[in-house]
There are 2 protein chains.
Amino acid sequence: MGFFHEGHLTLMRRSRDRDGVVVVSLFVNPTQFGPGEDYEVYPRDFDRDASMAQTERVDLLFAPSVVEMYPPGDATSVEVTGDLTARLCGAYRPGHFRGVTTVVAKLFNIVQPDRAYFGEKDYQQLLVVRRMAQDLRLPVDIIAVPIVREPDGLAMSSRNTRLNAQERQAATVLHRALEKGREVHRNGTRDADAILAQVRSMIAEERSVKVQYAELSDAESLAPIERVEGRAVLALAAYVGGTRLIDNIILGDA
Amino acid sequence: MGFFHEGHLTLMRRSRDRDGVVVVSLFVNPTQFGPGEDYEVYPRDFDRDASMAQTERVDLLFAPSVVEMYPPGDATSVEVTGDLTARLCGAYRPGHFRGVTTVVAKLFNIVQPDRAYFGEKDYQQLLVVRRMAQDLRLPVDIIAVPIVREPDGLAMSSRNTRLNAQERQAATVLHRALEKGREVHRNGTRDADAILAQVRSMIAEERSVKVQYAELSDAESLAPIERVEGRAVLALAAYVGGTRLIDNIILGDA
């Protein structure tokens with residue numbers, strides 16, 4: 001969706017290191033925004049993005065117009081149903097993942113990549129896209145790339161540019177709360193509610209941050225879990241002032 | 001869906017005449033049948049179909065199992081919305097076209113054909129698949145092949161094998177009624193209801209045939225029309241005894 005940051009540049013570098021031809025898509029996709037969401041104010045700067053992609057030696061920057069991706073008469077959508085899309089962001093953004101899978105299917109068919117790189121910051125999106133590609137037998141490998149964080153831990157996001165100085169400082173609580181959850185888990189707590197209570201309690205100390213959800217889910221199926229036995233994803237969404245941010249951390253990894 | 005007849009064989013021949021490699025899919029797709037429809041009793045004969053495909057010098061017969069096309073955890077569907085799927089068969093078979101587009105998208109991605117041949121007997125399906133391929137930018141040309149009919153005009157269908165002798169005779173009224181509609185149109189009638197009244201009236205003479213729908217629609221968009229000015233499709237579905245048959249004819253062609 002552009003307004004590139006180190007997270008995006010890391011995806012480009014991972015591909016540049018491995019692939020013969022690197023294609024980057026740049027498209028703020030209207031169908032994955034709901035009414036009242038931030039489609040209109042989502043940060044955009046084509047010239048800056050094009051320059052950054054060039055610096056990363058990207059071969060092709062694909063920046064279609066909205067009408068190119070959704071011409072008049074367009075009527076087809078691609079949807080993943082079930083836990084993968086019903087919970088977490090899916091519960092608060094109806095139609096969001098349908099918009100994501102629809103545009104990603106189109107992009108895949110246009111570009112026909114051998115590999116596609118997605119950041120783990122949008123962890124649910126990564127799993128949904130992987131499911132879609134697998135179910136529809138799209139001949140593409142979905143490569144997951146770890147979250148890139150600011151020095152103070154805030155996950156890189158184009159939306160971070162919309163935070164004022166006070167909000168930017170407050171937003172660091174999200175990563176600290178996830179690390180708190182990891183620590184509680186490492187110390188032996190397995191009960192999901194007990195872990196989540198600590199996470200929510202830490203975020204509640206920041207008055208300008210309002211949690212939308214903080215959940216523990218199976219790291220593969222995103223099914224809800226009561227106890228953390230295997231790999232689990234601790235994922236949250238929160239409003240920092242008027243800006244909605246997401247972050248996550250994996251528990252139970254080796 | 002197999003139980004090949006001359007309509008299917010014509011598709012194979014059209015491809016054999018033109019394409020380097022001919023792949024035929026053979027799969028009775030459960031997701032395009034609704035509750036109470038004829039999935040269980042749909043005619044099947046793999047050995048007969050394989051022999052017929054071999055006679056047509058097909059290179060590859062792709063006959064997957066249901067679990068191969070819909071493995072555990074499968075959760076993705078492809079859907080075309082709007083007039084193309086809401087009317088005609090779509091109005092009476094909720095979910096049918098979603099099942100069709102989902103399985104065809106999978107088949108296209110597995111086989112990756114340059115061209116795919118569809119019969120005009122399933123006219124709505126043809127337009128829906130073409131729309132899906134265009135919207136998702138699938139790199140495949142959808143080729144429409146005219147209806148193949150029995151000598152008495154009945155459109156070829158695997159389901160014709162389920163008609164008893166009396167029903168088989170009665171079923172010829174469907175094509176005769178479509179030809180009646182064409183004649184009325186050729187004689188200058190443009191009012192859709194007036195044309196359809198003649199079509200329905202002729203079918204009503206056969207007591208064992210019950211019309212489900214008989215409609216005139218724009219031949220490209222399938223939007224309903226009140227007057228036949230450009231190309232229109234006169235399409236119908238009817239029960240002959242317990243067997244549902246469809247047929248159609250194009251009006252306003254050169």
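**Notebook: a two-chain predicted model**

I began at the pairing of the two chains, where A:Val78 stands opposite B:Val78 in E3(B). I took helices (H or I, at least four residues) and strands (E, at least two) as DSSP runs, numbered from the N terminus. I counted two strands as paired if DSSP finds at least two bridges between them.

The model is predicted, and local features need pLDDT of at least 70, side-chain atom pairs count only at pLDDT 80 or more, while totals for chains, interfaces and linings use all residues. Residues are numbered from 1 along each chain as its sequence is written, and chains are lettered from A and ligands numbered from 1 in the order in which they are written.

**Entry 1: the strand pair across the chains**

I looked up how strand E3 (residues 76-80) of chain A joins E3(B), and found 5 bridges in an antiparallel arrangement. A:Ser77 has B:Glu79 as its bridge partner in E3(B).

I then checked burial, calling a residue buried if 20 or more other C-beta atoms lie within 10 Å of its own, exposed if 12 or fewer, and partly exposed in between, with C-beta atoms placed from the backbone. Of the 5 residues of E3(B), 5 are buried, so this strand is largely enclosed by the rest of the structure. Both of its faces are covered, with B:Thr76, B:Val78 and B:Val80 buried on one side and B:Ser77 and B:Glu79 buried on the other.

**Entry 2: symmetry**

Two copies of a chain are related by a rotation about an axis and a shift along it.

**Entry 3: the interface**

I counted two residues as in contact if their C-beta atoms, placed from the backbone, lie within 7 Å. On this basis, 21 residues of chain B are in contact with 21 residues of chain A. Strand E3 (76-80), helix H6 (96-111) and helix H7 (123-135) of chain B each supply at least two residues of the side that touches chain A. E3(B) gives the most to that side, with 5 residues.

For composition, I classed Ala, Val, Leu, Ile, Met, Phe, Trp, Tyr, Cys and Pro as nonpolar, Asp, Glu, Lys and Arg as charged, and the others, Gly among them, as polar. The side of chain B that touches chain A divides into 10 nonpolar, 5 polar and 6 charged residues. I noted that 100% of the interface residues of chain B are also interface residues in chain A, so the copies meet through the same surface.

**Entry 4: a parallel pair within chain B**

Strand E4 (residues 115-119) and strand E5 (residues 141-145) of chain B run parallel and are joined by 5 bridges. B:Gly119 has B:Val145 as its bridge partner in E5(B). E4(B), H7(B) and E5(B) make a right-handed β-α-β unit; right-handed here requires that, with the strands pointing away from the viewer, the path from the first strand over the helix to the second runs clockwise.

A:Leu126 is partly exposed, with 18 other C-beta atoms within 10 Å. Not counting residues up to four places away in sequence, A:Leu126 touches A:Phe118, A:Glu120 and A:Ala144.

**Entry 5: nonpolar cores**

I defined a nonpolar core as a set of buried Ala, Val, Leu, Ile, Met, Phe, Trp, Tyr and Cys residues joined through C-beta atoms within 7 Å. The largest has 124 residues, of which A:Met132, A:Leu174, A:Leu234, B:Met132, B:Leu174 and B:Leu234 touch the most other members. A second, separate core of 7 residues includes B:Phe3, B:Phe4, B:Val24 and B:Val58.

**Entry 6: positive phi**

Most residues other than glycine have a negative phi, and most peptide bonds are trans. I recorded A:Gln112, with a positive phi near 50°, in the loop between helix H6 (96-111) and strand E4 (115-119) of chain A. A:Gln112 is partly exposed, with 14 other C-beta atoms within 10 Å. I also recorded A:Leu222, with a positive phi near 60°, in the loop between strand E6 (209-218) and strand E7 (232-240) of chain A. A:Leu222 counts as buried, with 24 C-beta neighbours inside 10 Å.
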